[in-house]
Structures are given as structure tokens and as C-alpha cells.
There are 2 protein chains.
Amino acid sequence: MAELRKRNVPEAAATTAAATKDEDQKEDVESEDDAKLDVDELAKTLPQGTDHTPELLSSALSGLPDRWKNWVIRGIFTFLMIGTFCLIIYGGPLALMATVLIVQVKCFEEIINIGYAVYRIHGLPWFRSLSWYFLITSNYFFYGENLMDYFAVVINRMEYLRFLVTYHRFVSFCLYIIGFVWFVLSLVKKYYMKQFSLFAWTHVALLIVVTQSYLIIQNIFEGLIWFIVPVSMIVINDVMAYVFGFFFGRTPLIKLSPKKTWEGFIGGGFSTVGLGLLMSYAMCQYRYFVCPIEYNEALGRMSMDCEPSYLFKPQEYTLPTFLQFMPSIFKWKNTITMYPFMLHSLSMSIFSSVIGPFGGFFASGFKRAFKIKDFGDVIPGHGGIMDRFDCQYLMATFVNVYITSFIHTASPQKLLQQVFNLKPEQQLQLFQTLQDSLQNRGLLNAS
Amino acid sequence: MAELRKRNVPEAAATTAAATKDEDQKEDVESEDDAKLDVDELAKTLPQGTDHTPELLSSALSGLPDRWKNWVIRGIFTFLMIGTFCLIIYGGPLALMATVLIVQVKCFEEIINIGYAVYRIHGLPWFRSLSWYFLITSNYFFYGENLMDYFAVVINRMEYLRFLVTYHRFVSFCLYIIGFVWFVLSLVKKYYMKQFSLFAWTHVALLIVVTQSYLIIQNIFEGLIWFIVPVSMIVINDVMAYVFGFFFGRTPLIKLSPKKTWEGFIGGGFSTVGLGLLMSYAMCQYRYFVCPIEYNEALGRMSMDCEPSYLFKPQEYTLPTFLQFMPSIFKWKNTITMYPFMLHSLSMSIFSSVIGPFGGFFASGFKRAFKIKDFGDVIPGHGGIMDRFDCQYLMATFVNVYITSFIHTASPQKLLQQVFNLKPEQQLQLFQTLQDSLQNRGLLNAS
């Protein structure tokens, strides 16, 4: 999350030398009233996001002081990640989906590993397998629900796979029930409490990771723009809040993250709105970004070509009354021409800069609760995957709800698809009823 | 859950005198390796389902030995519950919905109270309010999603409520986000770990209680029979397994519940199948039970009148080959006439007697993990509400998935309802496309 650090405070200078990557943790070494689950001792067994630096980089940077070395590593890997992200987007929707899946699995692994360390279950039979089994089951359910609409036509052609489509929910439920029964049978008297705690831990992890990455996939299918813009907004907000905090940060924002400042929060917010609008404007021009992904039967593959919806066509808007003094001063027109999508971009950037950071506060509170530094050590200088994606999940849910509420009010295409899945006689029946109703309302000639 | 107690084992006689209601607990007083969360000490603060007996009954039964007294109380309240259940069914679908809601709230309260006791958060600011806030929010979301289809017509008439229907998901999401931000802001340094644990606890409780009671309501709307038959099956399986276990129980079934026996499990299973079929047969004859509940605009209220679907009309089935020796012996017909619903009743009774008990094992494992006797003490002789409903939730999910997979494969009525929610020009467009498609496939004359 955003690291809008407070640096210009007088003490900062004195501590600079000692401040290494560990600074995230320092401020709450005080013992917590958590005697029951001995977190201090726990800290030794938990993944601590060690400074896992590639050999090559490490030796190349050996001349630098530790503080700068870490900055360089962090910077390099930030650019590497952004580059990889662009490459994946270039790879198309299926590459993106695969990436979301991999990220999801890594995040799940990180959360579950913390659970193992917290409850110190090491020799317990079946537990690791069970967690992964639940991950696979819930993915099967959610990805199935997602992809069904797109691939049903293809899958239905293969007779032996047909029942997977027709009875998808039932199959998923059976898979889950197998896991449930397996859990009950794996209960061992001495470990009841730990087993139930980990069972709950697994389910919360699934709730956070699987359901939300399912929403991300849905967003991708609405058009790449619904995925790229929100993801970039979170990144922009992170980076800009850090920059503003670094240069102007003075007023602490929240006790939970002592290094975040109001200046960073506000500066980051405005930058996100501005850059978000610019970015949306640029992306609205390319069909590759704005077209929903659909399975094209003629081509036999996924396609992203379409007549862009009105959201992505320039429209003229009358300025709101309270802004109409501006045209009279500057002799502008009373109207403004822009893509309707840009208004939605505005909502998204406001959410990502006002509520988004709370995803980060939540994650950092969680890390403090269990006295861990990072969720993992996969990305040198950044920590675990989960450390980078904490806010993305919150944002994805927002975008998904936003689309279903404001953009996607029942599409005729989707409904038609469902109609075509009915039996022929039901289709006819529906047709007749619709015809009657349209005629009664005078929308259709009764000829 | 089923108390298929093993009684005929020789030791049973000796301990009878001492065996009071506490017998559920006795067998694992051994200390568990849960030193971190001191469950033994915990047990003192947790609700222990005290023998909360009404004054009147208590004095009337004062002459009886404790053991019998408890039996009488338990019996009386079993009949009272069954009677209340019948009364509520007589009250119609709205009374049932209200009951499901009340049961849900009580179950949530019981689970949450255990959480409070486990993490001993008493003076922590906001925590109780937050849990209830999340309960209200998720109910608002789920009940809204449910009732929307039925009440949208009514609500849409009131202009000021219209946005609640149109933007239901968005409103729910905002409510949730308020709770989320509230949680982050309520974090207090000394309690991080406990707060996060309770946050997870609350969410797991919501997952179990709210989502599943939402499924129950959906089942009710499919027709009362989809609610009454499964609920009764669980009750029948409980009672019959207890009876069979009492008279024939010898072979222990599972370590988790030492008093359950294979004899009870099997006897209960067969009784459930048999009585379930009988019950389904009886109920298939009444429209009140088989008609889906729909809002009748002409009447201005919910109605349960319809032309019963083919599930509830007698059909002739040819006997499967492996059973055809029977007609030749007994000179029966080669076919059997019955309601198709009875086949579904068979699936449900098999689930409720094979998998259902695992819901009970799960709950009893949970109670043991936290060294509690019952979830609460609302129902004299039975414990908490959750003690009676543990398996009902699992069963409701099964029935719901079963309906969507096997019964409800996209109904033309529901789709048509959605079509009518489109804008008129979209309806026309859909109509034209459907017409073209039907004509192309030769299903409709191109006149």
C-alpha cells in the first residue's frame, strides 16, 4: 500500500542511518496483550520477508550503503513489475486470467502459511492437503461459473463434458462436501481447537482471495479497460502518495500506519484523479481496451472486436450550473465533450484514493497483529505478493459492483444467450408471450 | 443432531445413575494441547447451556429423579417445537420467512457470544456493534437479492424506493465498506490480534448463518414442499437414529461422538428414506405445498395457487431391469405410478441420512474444541438454537443446489420477467433477434 511516509519531521534526519527496510515494523515492538497466542515467540517461526536479494544484484550493489541499496532494489523491481504487467496485457485476456490465477494461488499460500505458523500445526495429518483441496474446489466453482457463459457453446459440443456445464453447481457442491467430510474425519482429539481455527482461517482466505479474483476475471471480461484502469489507479495512488508524503508529509494520518500523512493522502488522491482521467481518455480510443471479450464462433477463439458502446464514444455534456461562470470568463463553450467512461473513471479514482488506502491499513494491521513484516519474500524489496495486492482486491470488488449497478443493467445479449439455452418449445413459448405483451403495449404492429 | 447413543454396552448400566444431561461432555475432559488459548479456564466464562428449566415445569417434576426429569422436559419441548413448526407453516410463507430470520439472528448471537468468550474481549470499543452491523448489512444484501424478484413490481411503484432496487448491490457494498472502514478505525494497538480474530470469526459466522438462511428462503419460494420435506427429514433422521441407537446400538460409529452407533446411523437412514417418501406422497396432493410463492398483482398479495408442475402429477415409470423379477413373482404390473417429486425426495433423504450427520459431528467437534456443552440455553432440554439447526443449514444448501441443478434449469418465466425489465427498445431488439433465430431454425413460420 501507499507509503506516504512522514519524513520532514525533525527526528527523521537522526534516524536515517539506522533506518533500513525494517522501518515498517519498528514502531510496535511493545508487547501486546496477546498472552494467549504468544505472538512474540511466534514471530520467530513466521515468514519475515527476509531481504531475499538476487545474488547478481547483491554483488553489483555491494558498494552502496544498505539504505540506498534497498531503494535501488525496490525501484528496479517496481519497474520490472510494471513492465511485466504491460507484457501480460499485450498477451491478451487469457494471459491476464492465468496471471490472476497465479497471483491468487500465491496470495492464498502466503495467508495459509501464516495460519500454519500461528497455530503451529506441523505434524497434523491432512491439513495442508485440505487447504489446497478447498482452494481447488472453490476455484473450480467460481471459474466455472465465470467461464461457463463464454465457453458453454464449445463445451456443449463435447458430449462427455456436457454434464459439467449442466450440473456445474451440483458437481462443485459435491466436491466441497467431500472436503467437509474429510475435515470432520481428520479431526484428532488433541487438536480440535487448532483444526477448527485453521478451518476458519482457510475459509476466510478463500473469501478474500478466491471470490475477489473471480470478480477480477469478470471485470476483465467486461473489457480490458475495466481491469487496467483500476489496477493502475491503485499503483498511481501508492506511488504518488509516497512521493507527496516524502516531500510535504507533516501531519500524521492514522495511528495504525505512523508513517502515512494527510499530505500524502491528499496529494495522492488528486494525482490519482488527474492521471486516472488522462489514462482513461487515452485508452477509450482503442477497441482492444474497450471491447468486452467474447467467444467468436466464426473465428473459433476469443475476440475483442466490437462496435464500442456509447460509454466510449465522445458525448457533449452541459457544464453543471456552479461551473458555468468559467465559460463566461474564458469565453469557452457552455458544453464539454468527453467520453462518458471518464465520469466513471472519476468515481473509480475517488474510491481508490479515499477507501483504497483502508485496504492497506487493514493489511498492515493484520501484519502487526501477527508480528510479521511482510506476507512473504517473493519480490525483492517489496515482500510478498499479498503485500502488493492487498488494495487491489478491495478495488476489484468495487469495480465489479459498480459495473453491475451502473453499467450493466441487464444486457439483452446475455439474456438472449440464456433464452437460447432453453428447450426449443420453451423458446417458442417465451417468444409468443413477448410478442403478445409488445403488441398489447403498442410497441409492435399486430400484423 | 442425532443422538444415536450406544447404550447396550455393558458399562452403560453402571453409569446410568450419574448420567445426567452432562453426559454429552464427559468423554473429553482430558486436557487438550491447546495451552495457548487456555480452553479449560475458558470453559468457566463460556455459556454452558445451564439446565434452564421453566419454574412451573421444574416444580411439577420435582418428584422425578433427575435423569427422567430431563427426559420429560426434552420430550415436552420436542413436541412443543414440532407444534410451533406446524403452526408457522399454517401461517404461510411470510411467517416462515420471519421465523428463518429470527432463528438466524439467534444462531449468529450464539456463535458470536462464543467468540467473545474465547477471545475475552469485553471492554473493547465498538466490537459488539460492529458484529451486529455486519449481520444487518449482509442480511440487507441477501434478503434484498432474494425478495427483489418478488417485490420489484411493488417497490418500483414507490418512486423514492426505486433506487434501492436499481442500485441494490451498490448500496449493500457501500454499507459493507462503512463497516470495513469502521473496523480499521476501531483497531486499538493492544488488541490487534484479538480484533482480527473476531473479525474473522464474525465473517465465518455470517458465512454459515446468513448465506445459508438466504438459501433457505430461496427454497421456501420454490414451494413450501422444498422446505418442509428436507427440514422434516433431518428431524426424522435425528429421532429415528436415536431410537435405533437406543434399542440396537452396539458398534461405535465415530470417535468424535462416542455415543453414536452404526446401528443408529443405518436404522435412521432407512427410516428417513421410508418416512420421507410417505411424507412427500402426502404433500404432493396439496397445491398449498407444491406451488411456488409468487406475488399476485391482481390480489395484491403473495399467492400460492398454480397449475402444479409435472413434478407433482402422477407419472408412470417402468421398473428398472434389476427389479423386474418382482412383477413376475408377484404378478404386478411392470410399471409403477408415482409423483416424480418422490424420486427427488429419495435423493434428499439419502443426503440427509448419509451426509447430514456430519453437520452434527462438525458442530459437536466445534463444541468440544471450545469446551462448551451447548451453543446456548434457549430451549430447555435441548440447549441453544444452533444445537437444533446445525444440520439444517447443510441440508438447505444441498436442496438449493439440487433445485438449481436438476429442477430449475432456467425457467422461461424468470427470463421473461428479466426481459420485461429491459428498456422497450431493447425488448423489441431482443424480440426481433429471437424471431430471426426461430425462423432460421424452422421453428417458426416466416409468414
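## The interface between the chains

A salt bridge is a side-chain nitrogen of Lys or Arg within 4 Å of a carboxyl oxygen of Asp or Glu. Across the interface of chain A and chain B, the rule finds zero salt bridges. The model is predicted. Polar contacts do occur across this interface: four residue pairs make them, both residues at pLDDT 80 or more.

Chain A and chain B bury about 7,700 Å² between them. Carbon and sulfur atoms account for 79% of that area. Each chain brings 83 residues to the contact: 83 from chain A and 83 from chain B.

## What chain A contributes

Several helices of chain A give two or more residues to the side that touches chain B. They are α9 (168-186), α10 (192-221), α16 (356-369), α17 (385-407), α18 (412-420) and α19 (424-440). The most comes from α19(A), with 13 residues.

By class, this side of chain A holds 51 nonpolar residues, 17 polar and 15 charged.

## Annotated transmembrane regions

An unreviewed UniProt entry carries the annotation "transmembrane region" for chain A.

Residues 223-249 of chain A are 89% helix and 0% strand. Their end C-alpha atoms lie 37 Å apart.

## Aromatic pairs

The count over all chains comes to 77 aromatic pairs. One involves Tyr281(A) and Tyr339(A), with ring centres 5.7 Å apart. Their planes stand at 50°, so the pair is tilted.

Tyr281(A) lies in helix α12 (residues 262-283) of chain A. Tyr339(A) lies in the loop between β4 (335-338) and α15 (341-354) of chain A. The pair therefore ties together parts that are 58 residues apart in sequence.

Key: Residues numbered from 1 in each chain as written. Chains lettered and ligands numbered in written order. Predicted model: local features only at pLDDT ≥ 70, side-chain atom pairs only at ≥ 80, totals over all residues. Heavy atoms only, no water. UniProt positions renumbered as here; feature names shortened; annotations may be inferred. Helix = DSSP H or I, 4+ residues; strand = E, 2+ residues; numbered from the N terminus. Contact = heavy atoms within 4.5 Å. Buried area = accessible area lost by both parts, 1.4 Å probe. Polar contact = N/O pair within 3.5 Å; in protein donor to acceptor, adjacent residues only side chain to side chain. Nonpolar A, V, L, I, M, F, W, Y, C, P; charged D, E, K, R; others polar. Phe/Tyr/Trp six-rings, centres within 6.5 Å; stacked < 30°, edge-to-face > 60°.
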